[in-house]
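Trainee: I have a model open and would like to learn how to read a few of its features. Could you walk me through them?

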Amino acid sequence: MTLGLINANPVVHAKKERVVRTEDSHTDDAVDPLEIYDFVRDIRDPEHPYSLEQLSVLSEESITVDEKLGRILITFTPTIQHCSMVTVIGLCLREKLKDHFPPHFKVDIKVAPGSHANEESVNKQLNDKERVSAALENPHLRQLVDECLYSSEL
Amino acid sequence: MADPTQWVKHVELYVNSSSTAAQQEASVDAIANLLKNDLLTLEALVREMEMYLTTTDSIIRSRGILLLAELLTQLRSKRLNDASIESLIGFFTERLADWKALRGAIVGCLSLLRRKSHVGVVTDDKVKAVVQSYLQNLQVQSLGQHDRKLCFQLMECLLDRYPAAVRDLGDNLIYGICEAIDGERDPQCLMLSFRIVEILAGLFPGPSGPLADFAGDLFGILGCYFPIHFTHPKEEDVDVKREELSRALMLTYASTPLFAPFSIPLLLEKLSSSLPLTKVESFKYLSYCTSKYGVDRMAEHFETLWSSVKDATYVSPQTNLSTEVGFMSEMGFQDSDIMKQAFVLLQELVQQSNGSFISLILDDEDIKIFMNSLNQYEDFDNIPIDIRQRLHAVGRIISVCVNTSIASCNKVFESFFPLLMTYLGLSVAEPHENSCLAEDYNPPGRLNFGALYLCVEVLSACRYLVGSDELTPIPDFANQTWCVMLHNVSKSLATVFVSLLRSNVAENSQNAYICYGVKGLQNLAMFPGSLLAVSKSTYDSILLKLMSVVTSDINKTFLWTLAMNALVEIGSFLDKCPDSERLSSYESIVVEKIFSLISSDDLTMPVSLKLQAAFEIGATGINFMLRVVEGLDEAISATLSAVYAHGNRKSVEPTIKLLEYYSNKVLPWFHKSGGSEEIPLNFALSIWDKIENNRSFNLDSLENELLDATMMAMKQAVGSCSEGSQEKIINKALGVLLSSNCLEWMKSISGNTQSEVEGLQQIHKLDSFAIRDEWITSLIASIVIALCPQTYIQNGKFILQFFITTLLNGHVPSAQALGSLVNKLPLKITGTPLSKNLCLDEAVDMIFHSCIWTSYNGSTYERGSSEIDLSSLRLCSLSPESDKIHATIGLAWIGKGLLMRGHEKVKDITMTLLNCMISDGDRGSLPNSKHPSLVCNDEDLHHQLMKSAADAFHIIMSDSESCLNKRYHATIRPLYKQRFSNTVMPILSTLMLKYDSPSIRSMLCRAIAYVVSDTPLTAILSEAKKLIPLLLDCLSMMVEDITNKEIIYSVLLVISGILVDKNGQDAVAENAHSIVNQLIELTTYPHMMVIRETAVQCLVAVSELPHTRIYPLRTQVLRAMLKALDDPKWVVRQEAVRCRQAWASIASRSLHF
């Protein structure tokens, strides 16, 4: 399908240290960007044996949560403008978060403005329920997504 | 004589190559036993075996020879005559040429050569023959690993045991050994071959001996092994460690100076390797070789050695900035292994070289330039990191030189000390020249940090030199150059250091100055007085300064801690090397100051800091501690008087702190250091004195914390006393009790039966049990709680009666004291039975038959009936329910005491408690109609009574901090919890089946939960099948009441313990459905987060159960987890995600259901 790697030599960043949560027995812990980030930072890149965190595709700041409305918005930055793996990354994020939040949360996944050549069509594709589930029916794509989510290569 | 047919079959079995190893071993043992018991002679054996030993079939021959050799190995401690030894060794020597049957020959030689002299040994001639045959016939390197090992063992044995015989062989021997070890690679064989060379070197020590010619060749073989490095880290050779092998090689290198011309260049060359391990090893080998070869051999390499040491430490130092230690040591640098080894080498060289090496260091241009350039880096902050590293390295080099020997110390002082002092603005020439430094001297501008650092390093190295024990006879330090120099400047140095502490700038760089200032003072103060280096006045002023920091600079935490540590160090140094003059200074300046500090109620210094300072200083020596404790005692006594007599509320807080410190720190310290029991005894007695002397207490009853702290201290004090002192304390306490008002109301309720009801009323009137009486009662209870079992209690019956009375007043410590009493009382009184003495049975009788529990309404109490008739108490007309609650609590503690010593009466108590819990059922039938007005109130009280009966099981099963534990000398039978749970659980479960009333059932559940949660898990696992339904019942019963959350949690922990265990899983499989239902209910438990968390974790554990059991539950769990994902707490959500994935993966990865 591809003629070699799309981005053969990505810039790898250091992993940030995990924040240890302090127990506070009296107040409720609201869902915060860090919690979501902790879930998704270890997803492996479809191309390289590095996590999305290491490739700086995601950061804690790129996630916003509105607990009252139950909305989560994740904006990620593909490593290069014409990355064809961007939809796979989006699918991985969606698939991963599906297990992690109650159904009343709505997850929006977008690429960062100006970071991708087909920004608009990618955003549309990633937030279209029908197309997402259709994509996950595709055994080839499914396998790719599963590899990214459950990989132990990191 | 044994019949040949008997043992020949063993020989055949051994020789037969198809028999197993175990069979062969057994046959060797069998024949060896015959030989050992003289049932068979060696001659007969050999004659019979002739065919096996000489046959042309090499396999059988080798087995035969090996059998003979093995037999000889077993006979190593049996005496053999010379003739047989001679012929046998001759045989084996000859056989060494037979390469097809070699192993037996080697083993045979080895076992004969290893014989001790009193059982017959091989003669020197024969030994020589063995060696010759060895050298002639054995091609060691062409053999297999095991045979090589045997060959090396044989050679080692020859060299080790028969040096005289083998020495004559000279060149031949050395050549043969070279040939044998050349190219060896197996670690085990290498260990042996290194050892062989080492012994060989010992055989030919002379420089003109045969070894001299071969040294080059031999080292050529050895040289290629350095450095030892395993390429396959953890495979077959786990038995020989790299370190062992490396050490063996090092011993070999250093075994003879003849190797020096070859080894030193090799090691020096390896120093330039880029592998850190190689560098470390090279330095290690070099320092060992230096100590073995002697200075003459090394002298020619001194310059190279110095430059390599300098290279490793000064030019390119490899230090890590350690983050944790901060400025406390070495400016925050930690030496790498290479540097550590380099310094070891340096020390070795300085020590060996007798002055020539040290001049090399002192004349080194780089070091000189560095010392002269110190002026450039005055301010600590402006020193770049690499210069700091160099400074550290130079400091280390100088201190190594200083602490190695007195001569080198003198030299260092001569060349560097004046310079350092000039940097600090001092002169070493004469003491009076520095006298211009006034007390409040302030350094001009910034002090030269480099000089300060080096100066402190030099001082501590000097101290190390003085303190080292190796210098015997103790040299006359006082006349040494360095000592004179130090004497000249010590006073002004101290002034400079003191001036550093005074600066009140709180910036970071200041910390380094402060740190080294304190360190310098500490070092100065730790020179022994006999040295005259530091005068008494200087010493005193140092202590005064440090002390003033401790008393006044409490806000500067860093400085305060440093000064405190310095004082502690100085104190413990004095404790180690006592010096009367210094000791008296320390006592008068430090200890007395601390003493006055604690005993004064000056509030400028917080009490906790005062106490910390007092304890740390005290802990340096027993005498100091005694003095400090004296101060503490005074302080406690003063504040207690203030509290008792004047009701001074301000003193309450400090008193509590003092008492806590006393019980948490001071008493354990004395206990640990094996100090006298005077301290706790006096402390306890003085508290009783205080109470005795203050007839009226001006206290609010609210000051419970103070009472608690006093009780705690009292328990600790009594607990650490011996029996005799305990008796003194209890007698004193009894005296106070008898003279107090307590007795009056007690008399009113004990005694004759007619006044009992009246007495009961009295108790309620005396609800406000005067405060002083409460103190007395509580403190006596604390004493009784902490008594040893052996302590004789005078007037025991009275005390027992007293506690029973106070117990009914709701006084819990009394209940605990009763429990402790029955736990520790002797079974029988030995000696003359005094009427007032108490033994266990009597005490139990007294408790059980005491008027409190028996009926008031005239129903006859049957003697001998095993149950305590608690129910009759309920019939008493005057609202006695609250009393019964108190009585149940009392029963619980008494029951615990009895249970822990394994007394059978605990059964009666259990039954009473059970009856109490189920008494609800027959309640309606009782003639209660007399007091209809009380019924409603009664109902509530009765519920409380049932609850307290259920809670009693908690008291019985759980460990208590406040009494009945190891610290307070309780008698504890092993496995008592298990035993209790085994007897009670069946009863409780049958009761559960029998009763339907929800209130009773909830009480039973409570009891079950308590018992189960404190039973060891192993005991529960065996019963898991029966217990699980019960526990689930408990959980469903208890979720309704918020107050039950702790119990729910502990039951949940038990369930999770069962679920995680392998055996437990088998047991719960059939209850999976109900377990999951209950757990799901708990995942939404609103009152406690950990319950939800644990419930979700338990659900994860359930997912490990057999697939068929849990598959149907899958959708249910997943649905529940969906809710848990929305949990307000982050931890629960996290667990929920895990759980969801675990359950989803049972079928497929999909979460759809």
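**Reading a sheet and a buried arginine**

Mentor: Happy to! This is a predicted model. Start with one pair of residues: Arg71(A) stands opposite Lys106(A), which belongs to β3(A).

Trainee: How do the two strands β2 and β3 of chain A pair, parallel or antiparallel?

Mentor: In general, strands of a sheet pair through backbone hydrogen bonds, in either a parallel or an antiparallel sense. Here, β2(A), residues 71-76, and β3(A) pair in the parallel sense, over six bridges.

Mentor: Helix α2(A), residues 86-98, packs on the sheet and touches β2 and β3 of chain A. Its direction makes about 160 degrees with that of β3(A).

Trainee: What is the strand order of the open sheet in chain A?

Mentor: The order is β1-β2-β3, three strands with mixed pairing. β1(A) (63-66) and β3(A) (106-111) are the edge strands, each pairing on one side only. From one strand to the next, the twist averages 15 degrees.

Trainee: Which strands does helix α1 of chain A lie across?

Mentor: Helix α1(A), residues 33-40, lies across β1 and β2 of chain A, at about 130 degrees to β1(A).

Trainee: Now to chain B. Is Arg901(B) buried or exposed, and what is its nearest side chain of opposite charge?

Mentor: Arg901(B), in helix α42(B), is buried yet has no salt bridge. The nearest side chain of opposite charge, Asp841(B), is 8.2 Å away, whereas a salt bridge needs the charged atoms within 4 Å. Look instead at the backbone oxygen of Leu825(B): a polar atom of the Arg901(B) side chain lies 2.8 Å from that oxygen. Arg901(B) also contacts residues including Leu840(B), Thr971(B) and Arg973(B).

Notes:
Residues are numbered from 1 along each chain as its sequence is written. Chains are lettered from A and ligands numbered from 1 in the order in which they are written. This is a predicted model: local features need pLDDT of at least 70, side-chain atom pairs count only at pLDDT 80 or more; totals for chains, interfaces and linings use all residues. Side-chain values use heavy atoms; hydrogens and water are left out. Helices (H or I, at least four residues) and strands (E, at least two) are DSSP runs, numbered from the N terminus. Buried means under 20% relative accessible area, exposed over 50%, partly exposed in between (1.4 Å probe, protein chains only). Lys and Arg count as positive and Asp and Glu as negative; His and the chain ends are not counted. A polar contact is a pair of N or O atoms within 3.5 Å; within protein, one must be able to donate a hydrogen and the other to accept it, and residues adjacent in sequence count only if both atoms are side-chain atoms. Contact means heavy atoms within 4.5 Å. Two strands pair if DSSP finds at least two bridges between them. Axes are lines fitted to C-alpha atoms, for helices over the stretch in contact, and angles run from 0 to 180 degrees between N-to-C directions. Lists of a residue's contacts leave out its neighbours within four places in sequence.
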